[in-house]
Amino acid sequence: MRTPVTPRLSSDTIRKICFEENSVSSKYSAISPSTESLQLQKLLESRIISCLDSCTQFNHLKEIHAHIYRSNLEQSSYVLTKFIRILTKLNFPMNGYPRTIFKQVHYPNSFLWTALIRGYVLNDLSNEAISLYGCMRKHGVRPTPFTFCALFKAGTQMGDLGFGFQLHGHMFKIGGFVSEMFLHAGNTLIDLYVKCGVVRSARKVFDEMLVRDVVSGTSLIVTYAKCGEMESAIELFDELDVKDAVVWTAMISSYAQNARPKEALEMFEKMQSCGIKADEFTLASVISACAQLGTAEYSMCIMDIAERSGHGPDKNVVIGSALVDISMILGFALHGHAAEAMQLFYEMERTTNIRPNKVTMIGVLTACSHAGMVEEGRRFFRSMEEIYGITPAGDHYTCMVDLLGRSGHLEEALEVAKSMPLDPQGSVWGALLGACSIHNNPDIAEVAASHLFELEPDSIGNHILLANILASAGRWDSVSRVRKLMRKKGLKKIPACSWVEGKKGSIHEFFAGDLTHPRFSEIKQVLEDLLNRLKLHGYQPNLGSVSYDVSSDDKRQILMSHSEKIALGFVLLTTEPSHAIRIMKNLRICEDCHIFMCGASKITGREIFVRDNMRFHHFRDGTCSCGNF
């Protein structure tokens, strides 16, 4: 269905359709004078509103304003509310013309007050909007739900949680929870609490709303995911009465962002079974999950779905960028060469009409980080704005910090995080913390962790990683302090989990220390045989990678129960010798497992690919692609 186009009106047209008083008067000649006057005013107001809806130029607005005076409607709050909203739409400064119009009205109603308040908010003049609201209350004008919508947006812009609390209380005082105030303004209140990081208050408002809006539900799900609270996100999703494509996509994306790609794909399958049509954003999230798992067969199916739904890479830049991302990561995983990933990027530029966007550049910088291509990464980062017109965002800075940190340039990475023009995101400090783990730098690690504990206070992964770094440095008192903080916050560790792709694209899942697999005794025997053969070649477990102050024997048992080692044993047990081994892990692979995989690749003659939520590793002939071993 074609979208109707609003006609642009000339000055003559405005005068003709709105202000033919003679024809209007004759129409109501049989009506009493008072009734005729009222009907005439309503008709004139309706015609002026119609003209304002079609108005796109300031000159036309001035003509309409003149006719408003000519028609004796200069005190009509109804007309002037619309007039100010159109001025706001045209980005006209509120302190000039709109404020003058407002001051000339003797008794402005709540809608006119709200129109001006909203204009100030949209002009990023939140303090003026709040001051105007104070004047509104002094004049005894009762605010509408839309007044609170505008004011909550002002609070969000300022990040003023205290103002949000005060306004929340005032709204409750006026109408209570059961009023239309919360029905219409609840979403913006939830958004304020979410943006200010008070997720519990946002959830409480959501739970108390008579009508649970799917928009607010989606916003909360996304926030839970960013905080790593996936169980809360799942619970909220299950409680929603209405689930549209947007909220399904939010859940799929949340799983993918929290390194739970298998659940992301399962959620996508449920979405399809419910008859919900996937859009390009849904498919992009699914492609991201496929990229994490490295599942070639499933990836091809998603590409086919994208093509059939009209979202192929040649038609849709979102899908194009996501497919570039999966091509680079999957190509890297299959061949072990970052140069081929770069070649795919250049081929995309040369052979398609898809122009790289910010998502594409994240993929390119990530590939550079995986391969340790520091100079290339710096060059791409500098060229983003110069060549492609892309202003670096937080994710791009995260990639650069990750690239610099993992290549050993920790001081430079810290300087990038401190000097970036944006407030550093949790992902930036998280990348730096991960790099400190690789290079055993507890001092910079504590700097990064201090920022993460403020930005993501309930993320257990940051606490665990810092504890591991401090343990590797022998700072057991500091380790104890971090663990006490975890207990105080009630944080529980997410079990390490690894996946391997089996026959026909099937995914097998293994947890650390899990003895419940039906073939575990066989897996254990395979690993013991492999360990004995590795010891003959000089391998010894790196006990320093265990972040617990326990005996050496206990540390050896902990190392042997890692999920990726159990996954490795399963693949060695169930596949042919020529089969390459691909493992996906949801947590960072430890230093000992790096060494173990290197040795295993040499002993078994197999290529071993391991991807975790922080890095890709390709072991071949006793070497690791990251260059650390």
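In this predicted model, Phe 381 and Tyr 397 are both buried. Among the aromatic pairs, which come to 10 in total, there is one whose rings belong to Phe 83 and Tyr 97; their centres lie 6.0 Å apart and their planes stand at 90 degrees, so this pair is edge-to-face. Because Phe 83 sits in helix α5 (residues 77–89) and Tyr 97 in helix α6 (residues 97–103), the pair ties together parts that are 14 residues apart in sequence. Phe 83 and Tyr 97 are both buried, and together with Phe 92 they form one aromatic cluster.

Phe 381 and Tyr 397 likewise form an edge-to-face aromatic pair, with 5.3 Å from centre to centre and 75 degrees between the planes. This pair links distant parts of the chain, since Phe 381 belongs to helix α22 (residues 374–388) and Tyr 397 to helix α23 (residues 394–406), 16 residues apart.

The helix packing comes next. Helix α25 (residues 426–439) packs against helix α26 (residues 442–455) at an angle of about 150 degrees, with the two axes 9 Å apart; angles over 145 degrees count as roughly antiparallel, and α25 and α26 are therefore roughly antiparallel to each other. The crossing in which α25 passes α26 is left-handed. On the α25 side the contact involves Gly 426, Trp 429, Gly 430, Leu 432, Leu 433 and Cys 436, which meet Ile 444, Ala 445, Ala 448, Ala 449, His 451, Leu 452 and Leu 455 of α26. Sorted by class, this contact of α25 with α26 has 10 nonpolar and 3 polar residues, and no charged ones.

Notes:
Residues numbered from 1 in each chain as written. Predicted model: local features only at pLDDT ≥ 70, side-chain atom pairs only at ≥ 80, totals over all residues. Heavy atoms only, no water. Axes fitted to C-alpha atoms, helices over the stretch in contact; angles between N-to-C directions. Helix = DSSP H or I, 4+ residues; strand = E, 2+ residues; numbered from the N terminus. Parallel < 35°, antiparallel > 145°, perpendicular 65-115°, else oblique. Left-handed = near helix turned anticlockwise from the far one by under 90°. Contact = heavy atoms within 4.5 Å. Nonpolar A, V, L, I, M, F, W, Y, C, P; charged D, E, K, R; others polar. Phe/Tyr/Trp six-rings, centres within 6.5 Å; stacked < 30°, edge-to-face > 60°. Buried < 20%, exposed > 50% of the residue type's maximum accessible area, 1.4 Å probe, protein only.
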